[in-house]
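Please have the sequence and the structure open while reading.

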Amino acid sequence: MKRTILIAAAALLLCLQAAAQTDTLRISAAYTTPIIFSADLAYADLSNSSVVAAKIVEQNKNMLALKARTAFKEPTSVSALESNGVMHTWIVEYDPSPASLIIDTRAANAASKGGVSRTGHGDAPVLSDVI
């Protein structure tokens with residue numbers, strides 16, 4: 001019985017860790033990470049602008065460029081609201097050499113049919129439907 005409970009707890013922890021990783025962006029001070037959205041951005045917010053710089057790309061308003069100002073140890077977050085009402089929020093961690101430099105949310109939005117959630121996935125109502 002104890003063995004079954006331990007195996008179930010370990011499996012649950014592995015699932016939680018995998019889910020957390022999908023909501024985590026890894027950024028560097030050496031590289032800019034663009035995030036591409038399906039609609040123009042209406043709003044972007046950083047929880048700690050002293051360690052992360054972000055700006056909506058002037059030539060393409062559906063892109064948010066992120067870069068670490070310096071190496072940082074504590075995770076922070078970034079949120080972005082698309083003009084179509086879809087909200088995205090990620091945990092941001094420092095990685096001197098991130099595996100992926102381009103984040104494209106358009107495929108996730110098409111698959112989920114919109115919604116308000118941490119990654120654009122889910123069946124939550126679109127913000128404009130609630131207001």
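**Side-chain contacts**

At 34% relative accessibility, Arg-26 counts as partly exposed, where buried stands for under 20% relative accessible area, exposed for over 50% and partly exposed for what lies in between, with a 1.4 Å probe and protein chains only. The model is predicted, so that local features need pLDDT of at least 70 and side-chain atom pairs count only at pLDDT 80 or more, while totals for chains, interfaces and linings use all residues. Residues are numbered from 1 along each chain as its sequence is written, and side-chain values use heavy atoms, with hydrogens and water left out.

**Salt bridges**

- The structure holds three salt bridges, a salt bridge being a side-chain nitrogen of Lys or Arg within 4 Å of a carboxyl oxygen of Asp or Glu.
- Arg-26 forms one of them with Glu-93, with the closest N and O atoms 2.4 Å apart; this pair links distant parts of the chain, since Arg-26 belongs to strand β1 (residues 24-27) and Glu-93 to strand β7 (residues 87-94), 67 residues apart.
- Strands are DSSP runs of E with at least two residues, numbered from the N terminus.
- Glu-93, with a relative accessibility of 28%, is partly exposed.
- Asp-104 and Arg-106 meet through their side chains in a salt bridge of 2.6 Å, N to O; Arg-106 is partly exposed at 39% relative accessibility, and Asp-104 is partly exposed at 37%.
- Between Lys-61 and Glu-58, the closest N and O atoms of the salt bridge are 3.4 Å apart; Lys-61 is partly exposed at 38%, whereas Glu-58 is exposed, with a relative accessible area of 59%.

**Aromatic pairs**

- A search of the whole structure finds two aromatic pairs, for which rings of Phe, Tyr and Trp (its six-membered ring) must have centres within 6.5 Å, planes under 30 degrees apart counting as stacked, over 60 as edge-to-face and the rest as tilted.
- Phe-37 and Trp-90 form a tilted pair, 6.1 Å centre to centre with 55° between the planes.
- Because Phe-37 lies in the loop between β2 (33-36) and β3 (41-46) and Trp-90 in strand β7, this pair ties together parts that are 53 residues apart in sequence.
- Phe-37 is buried at 0% relative accessibility, and Trp-90 is buried with a relative accessible area of 4%.
- Phe-72 and Tyr-94 form an edge-to-face pair, 5.8 Å centre to centre with 65° between the planes; Phe-72 sits in the loop between β5 (63-68) and β6 (76-82) and Tyr-94 in strand β7, 22 residues apart.
- Phe-72 is buried, with a relative accessible area of 11%, whereas Tyr-94 is partly exposed at 25%.

Methods. Helices (H or I, at least four residues) and strands (E, at least two) are DSSP runs, numbered from the N terminus.
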